[in-house]
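Subject: Handover of a structure and notes on its features

Dear colleague,

I am handing over the structure shown below, together with an account of what was found in it. Please read the notes with the structure open beside them.

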Amino acid sequence: TRYKKKYVLPGVVIPGPNKPKNLDSFLFPSFHHLSAIQQEGLTIWDASRNITFTSNPFLALGTADGPALAYLNGFVGHHGKFGCRLHCGMKGRHKAGCPHYFAAHKKPPDFNVEGCDHPDVDVRNLGTCSPEVYWKDLVYVLLSTTNAQYRQRRLETGISKPSIFLGFPSNRIFGVPTCFGSDIMHLLSLNIPDLLIPLWRGTFECDKDDDKSTWTWAVLVGDAWKEFGRLVEESTSHLPGCFDRPPRNPEKKINSGYKAWEFTLLLYGLCVVFLHGVLPNQYWVHFCKLVRAVRIISQHHITQTELCVGARLMIEFIEEFEDLYYQCRVDRIHFMRQSIHALGHYATEVQSKGPLICASQWTMERTIGNLVVEMRQPSKPYENLSQRAFRRAQHNALMSIFPILDPDYNKPPFPKWSKDIGGGYALLKQQERHRHSTSVAEGRVIQLYLQAYHPQSPEFGYFNDDGSFRIIRWARLRLPNGQTSRSLFATRERRHNARRARNAKLIIEGAVYFAEVQFFFQILPSALHEEFEPLALVSLYSDPDRDLLRTSSETFYTCTYQGQAGLAVVKATYIQSVVAMVPHVLNDVHRFYMFEKPGLDVADLGGFLRTEDDGDGEDNDN
């Protein structure tokens with residue numbers, strides 16, 4: 001959720017405080033300029049290479065949240081009969097006398113509301129809208145001769161006006177509506193939580209013909225909701241600082257400006273463990289399918305296999321949501337929001353547009369936030385905001401033309417007091433100045449490693465008579481993904497309220513492990529070597545509970561801490577990322593629940609299940 005200011009060039013700021021009556025009039029000057037240089041070309045001098053070239057920009061994606069996108073694409077919006085933002089052709093349904101349509105795929109029995117009594121929609125075969133189909137429907141609407149005919153054709157097509165994006169050259173844009181991407185930020189981090197959490201709390205809108213006492217899923221009420229909030233609050237110290245803002249106690253703060261990132265960590269991280277045994281099992285298993293799919297879709301790199309898994313889980317979640325919550329009841333048809341339907345398009349959107357996280361609204365929302373922070377005078381706020389955006393665009397454009405103006409130009413990737421060990425890794429201080437003795441158990445593990453891999457190492461001379469080992473320890477390790485893995489040796493990790501960052505994901509010979517890092521150190525492989533080998537002493541966590549891992553669609557990774565029994569020496573470069581290990585109790589046993597930061601490449605935990613299926617019942621040994 002953090003983005004560099006220098007990579008964002010604001011194009012236009014539309015003044016407030018009221019909504020613009022004609023948004024196109026504000027967009028037209030910038031869009032007209034872009035369309036002109038798309039056709040005529042823009043001559044650019046590249047100062048870094050001292051060359052001149054002609055650029056014909058390509059407009060790839062236009063995105064916004066649901067209500068704002070209706071201004072850009074010209075569709076009727078999420079409450080229309082054709083409310084899908086991708087214009088897939090799926091018809092909505094509404095209650096008798098209610099003007100709002102909802103994305104109910106299954107038809108309630110004996111449902112005969114005019115225009116909404118169409119057969120069930122197959123979620124596994126959702127349609128797509130090509131530019132050709134869009135043009136045909138648009139012309140049909142534009143040929144309306146009366147207001148009444150226009151309203152009828154708007155209802156039939158879901159198109160209210162031509163999109164301003166039609167003015168761009170067809171060879172410099174993906175075409176309407178293909179050029180409008182899915183909004184992964186607002187939908188997953190705000191819309192879905194705004195649906196599921198009120199349902200679980202029993203505060204969601206209840207129809208006069210419905211009865212909340214039949215809502216078997218409404219379990220977060222009374223003391224259960226308070227206990228849930230307490231657990232979330234106490235988990236803060238177990239979420240690494242690189243996970244950014246931790247979720248606050250939802251029992252106290254959910255109605256006090258709860259941020260989108262807080263909802264993300266809460267719903268797709270902590271809810272898996274804290275709702276286990278609280279939410280009825282069939283609802284918890286159903287929810288875990290959504291969590292697994294979202295973790296896959298939110299990655300920056302998605303394999304074809306992962307995409308297939310994510311697509312299957314999304315479809316299953318939609319189908320089971322209708323069976324478990326909506327239950328094809330007319331009085332619950334408002335449960336079926338467009339945010340549920342949109343999940344069925346995510347896999348195909350990734351195929352056509354790439355990982356959705358790369359074109360999400362996180363960048364825009366963050367930019368709005370830090371532009372507002374830069375304002376210093378309360379008078380004329382919108383004029384000041386426009387000027388801040390204008391200066392930001394000028395400043396960033398100059399740095400792009402003349403990279404030497406960038407304060408980070410030729411800046412070393414690591415601090416001068418660090419030690420670069422290659423591959424994007426670097427050891428960071430604190431560092432011991434002199435060798436100090438380890439414990440006997442730690443020395444024994446180091447001795448076994450040296451005997452197995454470096455039997456000629458001069459480091460054997462630093463073992464004490466009791467088996468302990470004299471060593472210089474390092475506290476931290478910078479990872480290629482930008483995270484900093486701390487160790488138990490770091491002073492900060494020993495504070496009672498510290499955001500723990502000593503738990504890490506390791507990949508060793510293709511296998512995934514999770515461990516608590518004790519400290520980092522270096523050894524000399526042999527007297528003939530001049531380069532030291534960077535290592536880490538870790539305490540491996542146990543294998544997960546395979547039954548729970550399988551039942552939860554590989555989201556509920558719960559394991560035990562092995563302490564000295566799990567000590568092992570590994571290469572420092574085996575560490576891939578920092579993870580959260582949240583303590584919890586399962587069957588009177590203290591365990592730890594692992595989850596990774598949303599947006600990072602998640603581990604394939606299916607290996608633990610495949611190992612069991614292959615008949616290997618032994619624990620992995622390292």
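In what follows, helices, written H, are DSSP runs of at least four residues and strands, written E, are DSSP runs of at least two, both numbered from the N terminus. Please note that this is a predicted model.

The second largest pocket

Helix H5 gives the most to the lining of the second largest pocket, namely four residues. The volume of this pocket is about 780 Å³. Its lining comprises 32 residues, of which His 300, Lys 597, Pro 598, Gly 599 and Leu 600 are the closest to the centre. Two or more lining residues come from each of H5, helix H8 (260-274), helix H9 (281-297) and strand E14 (575-578).

His 186 also lies in helix H5. With a relative accessible area of 9%, His 186 is buried. Setting aside residues up to four places away in sequence, His 186 touches Asp 65, Asn 191, Gln 361 and Glu 365.

Glu 322 belongs to helix H10, which covers residues 304-326. The side chain of Glu 322 does, however, reach the backbone nitrogen of Lys 106, at 3.5 Å. Apart from neighbours within four places in sequence, the residues in contact with Glu 322 are Ala 103, Ala 104, His 105, Lys 106, Gln 327, Cys 328 and Met 336.

One of these contacts, Gln 327, is placed in the loop between H10 and H11. The phi of Gln 327 is near 55°, a positive value in a residue other than glycine. Gln 327 counts as partly exposed, at 33% relative accessibility.

Salt bridges

The structure holds 32 salt bridges. One of them joins Asp 210 to Arg 332, with the closest N and O atoms 2.9 Å apart. Asp 210 sits in the loop between helix H5 (184-201) and helix H6 (223-234), and Arg 332 in the loop between H10 and helix H11 (338-342), so the pair ties together parts that are 122 residues apart in sequence. Asp 210 and Arg 332 are both buried.

Asp 331 forms a salt bridge with Arg 329, and here the closest N and O atoms are 2.9 Å apart. Asp 331 counts as buried, at 9% relative accessibility, whereas Arg 329 counts as partly exposed, at 26%.

A further salt bridge is formed by Arg 435 and Glu 459, whose closest N and O atoms are 3.4 Å apart. This pair links distant parts of the chain, 24 residues apart: Arg 435 lies in the loop between strand E4 (425-431) and strand E5 (436-437), and Glu 459 in the loop between helix H15 (440-453) and strand E6 (470-471). Arg 435 is partly exposed, with a relative accessible area of 28%, while Glu 459 counts as buried, at 3% relative accessibility.

Backbone features

Where does a cis peptide bond occur? The bond from Val 176 to Pro 177 is cis, with omega near 5°. Pro 177 is in the loop between H4 and H5.

Lys 380 has a positive phi of about 50°, although this residue is not a glycine. Lys 380 is placed in the loop between helix H13 (362-374) and helix H14 (381-401). Its relative accessible area is 56%, and Lys 380 is therefore exposed, the cut-off being over 50%.

Gln 149

Gln 149 is found in helix H4, which covers residues 147-157. At 26% relative accessibility, Gln 149 counts as partly exposed. Not counting residues up to four places away in sequence, Gln 149 touches Leu 143 and Ser 144. From C-alpha to C-alpha, Gln 149 and Tyr 325 are 38 Å apart in space, and they are 176 residues apart in sequence.

With kind regards

Notes: Residues are numbered from 1 along each chain as its sequence is written. This is a predicted model: local features need pLDDT of at least 70, side-chain atom pairs count only at pLDDT 80 or more; totals for chains, interfaces and linings use all residues. Side-chain values use heavy atoms; hydrogens and water are left out. A polar contact is a pair of N or O atoms within 3.5 Å; within protein, one must be able to donate a hydrogen and the other to accept it, and residues adjacent in sequence count only if both atoms are side-chain atoms. Contact means heavy atoms within 4.5 Å. A salt bridge is a side-chain nitrogen of Lys or Arg within 4 Å of a carboxyl oxygen of Asp or Glu. Buried means under 20% relative accessible area, exposed over 50%, partly exposed in between (1.4 Å probe, protein chains only). On a 1 Å grid over the protein atoms alone, a cavity is a set of points where a 1.4 Å probe fits but cannot get out, and a pocket is an open set with protein on both sides within 12 Å along at least five of seven lines; lining residues have an atom within 4 Å of a point. Grid points are joined across faces, edges and corners, and a volume is the space filled by probe spheres set on the points.
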